[in-house]
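Welcome, and please open your viewer. We will go from stop to stop, with something to select at each one.

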Amino acid sequence: MKRSFLRTISQILGTILPNAYFKAWGGNPQIYQGKLKAFVAPILNCYACPSACVSCPAGSVQHFIALKAIPFYALGMIGAFGIMLGKATCGWICPFGFLQDLEFKLGRKIKLPHIKLPKWISYGRYIFLIGLVIIGPLLTIVPMIDDETGEVIVYENPETGKMEELFEPGLTTYCKFCPQGALQGGIPQVLLHPELKELLGRLFTTKMIFLGIFLLAFLMMKRPFCRGFCPVGAFLGLFNKVSLLQFSVDSSKCTKCRLCTYSCPVEHDIYKSPNSPDCNRCGACIDACKFGAISVTNIFSSVKTEIEEPVAT
Amino acid sequence: MKDSKKRAFPLWRRGAFLFLVALAALFIAHGIELLDVEEILTNASILCLSCIGIG
Ligand code: SF4
Ligand code: SF4
Ligand code: SF4
């Protein structure tokens with residue numbers, strides 16, 4: 001079976017299965033609240049989507065930080081996937097990645113221009129990861145003040161016996177921007193619960209504008225959101241160099257023709273840097289290379305041919 | 001060209017892989033022990049008004 005076909009099947013399953021609580025769309029719509037919600041999936045899939053049965057990594061990390069808790073569990077869960085597969089879940093199962101792939105294909109069909117993104121766009125995703133997923137929720141935690149005395153409310157922690165300050169949880173600042181939240185959480189929740197319409201204001205409008213801009217961009221750019229804005233991809237990509245799954249380029253076969261780059265959904269030059277944080281491990285380049293220079297391997301393989309790790313740019 | 005017997009990946013990367021496997025396992029176990037993650041994440045998903053765009 002062809003790899004691209006397998007990948008499409010995998011992306012379809014990756015879109016349906018994490019959102020398979022179809023009951024939520026029935027007569028008495030209620031978000032899924034079962035045990036699977038504890039599973040932090042290594043994809044950008046909004047847990048506020050009515051039928052989502054797993055948790056979003058970006059949302060989970062923000063939520064733990066907003067509660068003043070170190071997100072050991074959420075980081076461990078995403079890290080476990082990253083360590084094994086690097087960023088492969090971005091290439092193979094993420095619904096938002098899939099949407100971008102589909103839209104770009106549609107853009108080609110209707111002959112829209114292909115706008116290439118500069119390499120520096122990839123720094124953006126780290127800024128979003130650090131700024132809005134980590135620092136934002138932390139900085140917005142505020143102490144709870146007693147209205148009458150004007151002082152911070154303290155209580156005795158029953159576990160430690162120490163006096164501690166009560167606080168208002170921080171804000172999930174990335175979620176306020178996230179277009180996947182708008183698409184998967186915002187629109188369906190408002191459709192299913194018309195009473196929410198009264199609560200909608202400037203934030204909803206802003207999120208819809210962001211979503212609209214991204215949906216337009218996806219038609220003309222290759223995965224702009226993944227490359228410049230996604231904190232989940234930013235985190236997973238950090239593991240590409242040390243994950244079990246590795247890619248290798250045989251420099252004795254590579255002619256630097258760049259067929260791999262043209263076929264790549266994120267326009268990455270794999271022949272220069274096979275295990276870069278930018279690569280989504282989709283494997284499109286392996287099929288595109290006419291010289292069989294690119295291969296999948298693992299970090300423990302001892303290669304008997306003259307394989308060389310090309311110098312990273 | 002590197003010599004043909006050479007390993008594909010440097011030792012530090014293999015070491016980092018093993019270290020990170022242990023670290024992730026530790027993080028997950030410690031996280032579960034520390035907090036009721038199931039309840040926290042379920043509540044997070046119900047209460048994520050920011051996802052929807054309210055607030
Ligand atoms: S809004 Fe975005 S970041 Fe937040 S939980 Fe939903 S998908 Fe995740
Ligand atoms: S970078 Fe983010 S949106 Fe893109 S495929 Fe990965 S998790 Fe999904
Ligand atoms: S470099 Fe190859 S495997 Fe990586 S994202 Fe591009 S086409 Fe996919």
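Start by selecting ligand 3 and the shell of residues around it: 9 are nonpolar, 3 are polar and 1 is charged. Keep in mind as you look that this is a predicted model. Which residues come nearest to ligand 3? Pick out Cys264(A), Cys279(A), Cys282(A), Gly283(A) and Cys285(A), which come nearest among the 13 residues around the ligand.

Next, move to the largest nonpolar core, which has 59 residues. Select Leu44(A), Phe64(A), Tyr73(A), Tyr174(A), Phe225(A) and Cys51(B), the members that touch the most other members of this core. Apart from this core lies another one, of 14 residues; Ala88(A), Val249(A), Cys260(A) and Cys285(A) are among them.

Leaving aside residues up to four places away in sequence, Leu44(A) touches several partners, including Cys56(A), Ala58(A), Phe96(A), Gln180(A), Phe225(A) and Val232(A).

For the next stop, colour the two chains separately and look at where they meet. How many residues does each chain bring to the contact? Chain A brings 61 residues and chain B brings 38 residues. Together the chains bury about 4,200 Å² between them, with 74% of that on carbon and sulfur atoms. Select Phe72(A), Tyr73(A) and Phe300(A): they supply 15% of the area that chain A buries against chain B, more than any other three residues.

Finally, zoom in on the polar side of this interface. There are 8 residue pairs in polar contact across it, and 1 salt bridge. To see a salt bridge, select Lys35(A) and Glu38(B), whose closest N and O atoms are 3.7 Å apart.

Technical notes
Residues numbered from 1 in each chain as written. Chains lettered and ligands numbered in written order. Predicted model: local features only at pLDDT ≥ 70, side-chain atom pairs only at ≥ 80, totals over all residues. Heavy atoms only, no water. Near = heavy atom within 4 Å. Nonpolar A, V, L, I, M, F, W, Y, C, P; charged D, E, K, R; others polar. Core = buried A, V, L, I, M, F, W, Y, C linked by side-chain atoms within 4.5 Å. Buried < 20%, exposed > 50% of the residue type's maximum accessible area, 1.4 Å probe, protein only. Contact = heavy atoms within 4.5 Å. Buried area = accessible area lost by both parts, 1.4 Å probe. Salt bridge = Lys/Arg side-chain N within 4 Å of Asp/Glu carboxyl O. Polar contact = N/O pair within 3.5 Å; in protein donor to acceptor, adjacent residues only side chain to side chain.
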